[in-house]
Structure formats: structure tokens, C-alpha cells
Amino acid sequence: MFKLSWRRARKSCLAGLGLVLAGSIVVALASVGNAQVAAVPPYSVSTFATAPAGLSAPDSVTFSATNVFIGYGNGGAPDGSGGAVSNVVEYDFKGNLVKNFALLGHNDGLRYNPSKNNLWALQNEDGNANLAIISLKSGTQKIYQLGTGPHGGGYDDIDFNNKAVYLSASAPT
């Protein structure tokens, strides 16, 4: 068993490939097309977890001190149209499913908030955006409609820094 702090894990997550380095363990969180993922010795690559049946298109990854959270877009439209439904799945560090949270819209932005022990999930990065704050204890969700920002698009990612929250804008018109 290994422990990985939220800050170290976040800094270790390599954009695009979704790889986490922890000591001599390399864990693949997402595949990239048909490309083979390879590690340089003494590291190795192994599957961290398999998506639950019916879930697809893993995108966002975030960590707490004890768990990994992966957002699955499930092929929904990036503006949330057509009844898009996404899932955020919580795994322990051994890859065991802990909880599965369903969200309305296309998830593309996920961050663990260590000060409140909750998840912030952005939906619909191309427009009609909303923010779901998920209580990890109860599973309840509080939804905030963000709509279209002054840039004409949606919002793609979240960061907490110096007691402030930052949202990255996406899909400007």
C-alpha cells in the first residue's frame, strides 16, 4: 500500500496521459487512443481501475489524501445538450470503487476541495455550464448554474489557490 498526498498527487498528474507516479509505481488512469503506454525501468505500467459498466470517456482526475476521483463524460455533448449524463467515480488507492455519483451534463473539470472535503465538478465546457458541489459524506449535490460567461462559452477546470477559486474559461465565441 502506498500513500500519496493530495498536493503531491496533483503535481504528479501528467496532463493528457493521466499518469500518477508514486515511488516505483506508475498507474495508468486513461488510455490515449491506440497508443501503447510504456514506462522506463525501474517503473512499470498497470491498470489502476476499470470503468464501471456503461461508463466511458474518462477525462478529469483529482485526488484526496485517501482516494482518486475520475469524471466520465460518457460520450455526452460538451454543451450538455441531448440529455448528457456524466459520472464521477470515487476509488480507493487500490482501485476499488467506493462511490459512483451521477451528474446531469457533460463533466469536464473536477477538483477535490480539501478545506470542505467535497468535490467540485464542472459540466458543459462548451456552454450552458454548471457547477455541482458534491458532499462526499452524504452524496448530495448542490448545483450552481454558471451559464455562458462573458467570453461566450463555458468553463473547463477548477483550481483552489490561496483561499480563492479559479475557473478556466473555454470555447469562446
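Predicted model: local features only at pLDDT ≥ 70, side-chain atom pairs only at ≥ 80, totals over all residues.
Mentor: Two strands count as paired if DSSP finds at least two bridges between them.

Trainee: How confident is the predictor, and what is the mean pLDDT of the protein?

Mentor: The mean pLDDT is 81, and 80% of the residues reach 70 or more. Over residues 1-31, however, pLDDT stays under 50; the model has 67 contacts beyond four places in sequence for that stretch.

Trainee: In what order do the four strands of the open sheet stand?

Mentor: Strands of a sheet pair through backbone hydrogen bonds, either parallel or antiparallel. In this structure, the open sheet has the order β4-β5-β6-β7, with antiparallel pairing. Its edge strands are β4 (58-63) and β7 (97-104), each of which pairs on one side only. From one strand to the next, the twist averages 20°.

Trainee: How many bridges join β6 to β7?

Mentor: Strand β6, residues 85-92, is joined to β7 by seven bridges, and the two run antiparallel.

Trainee: Where is Ser86 found, and which residues does it touch?

Mentor: In a regular strand the side chains alternate between the two faces of the sheet. Ser86 is found in strand β6. Its relative accessible area is 0%, so it is buried. Beyond four places in sequence, Ser86 touches Tyr72, Gly73, Asn74, Phe101, Ala102, Leu103, Gly105, His106 and Asn107.

Trainee: Which backbone atoms does the side chain of Ser86 reach?

Mentor: There are two to inspect. A polar atom of the Ser86 side chain lies 2.7 Å from the backbone oxygen of Gly105. The Ser86 side chain also reaches the backbone nitrogen of Asn107 at 2.7 Å.

Trainee: How many aromatic pairs does a search of the whole structure find?

Mentor: The search finds three aromatic pairs. One of them, Phe69 with Tyr112, is stacked, with 6.2 Å centre to centre and 5° between the planes. The angle is read against a cut-off: planes under 30 degrees apart count as stacked, and those over 60 as edge-to-face.

Trainee: Why does the pair of Phe69 and Tyr112 tie together separate parts of the sequence?

Mentor: Phe69 belongs to strand β5 (residues 67-72) and Tyr112 to strand β8 (residues 107-113), so the pair links parts that are 43 residues apart in sequence. Phe69 is buried, because its relative accessible area is 0%. Tyr112 counts as buried too, at 8% relative accessibility.

Trainee: Is the pair of Trp120 and Phe160 stacked or edge-to-face?

Mentor: Trp120 and Phe160 are edge-to-face, with 5.1 Å centre to centre and 90° between the planes. Trp120 lies in strand β9 (residues 118-123) and Phe160 in strand β12 (residues 154-161), so this pair ties together parts that are 40 residues apart in sequence.

Trainee: Are Trp120 and Phe160 buried or exposed?

Mentor: The cut-off for buried is under 20% relative accessible area. Trp120 has 14% and is therefore buried. Phe160, at 16%, counts as buried.

Conventions: Residues numbered from 1 in each chain as written. Heavy atoms only, no water. Phe/Tyr/Trp six-rings, centres within 6.5 Å; stacked < 30°, edge-to-face > 60°. Buried < 20%, exposed > 50% of the residue type's maximum accessible area, 1.4 Å probe, protein only. Axes fitted to C-alpha atoms, helices over the stretch in contact; angles between N-to-C directions. pLDDT = per-residue confidence, 0-100. Contact = heavy atoms within 4.5 Å. Polar contact = N/O pair within 3.5 Å; in protein donor to acceptor, adjacent residues only side chain to side chain.
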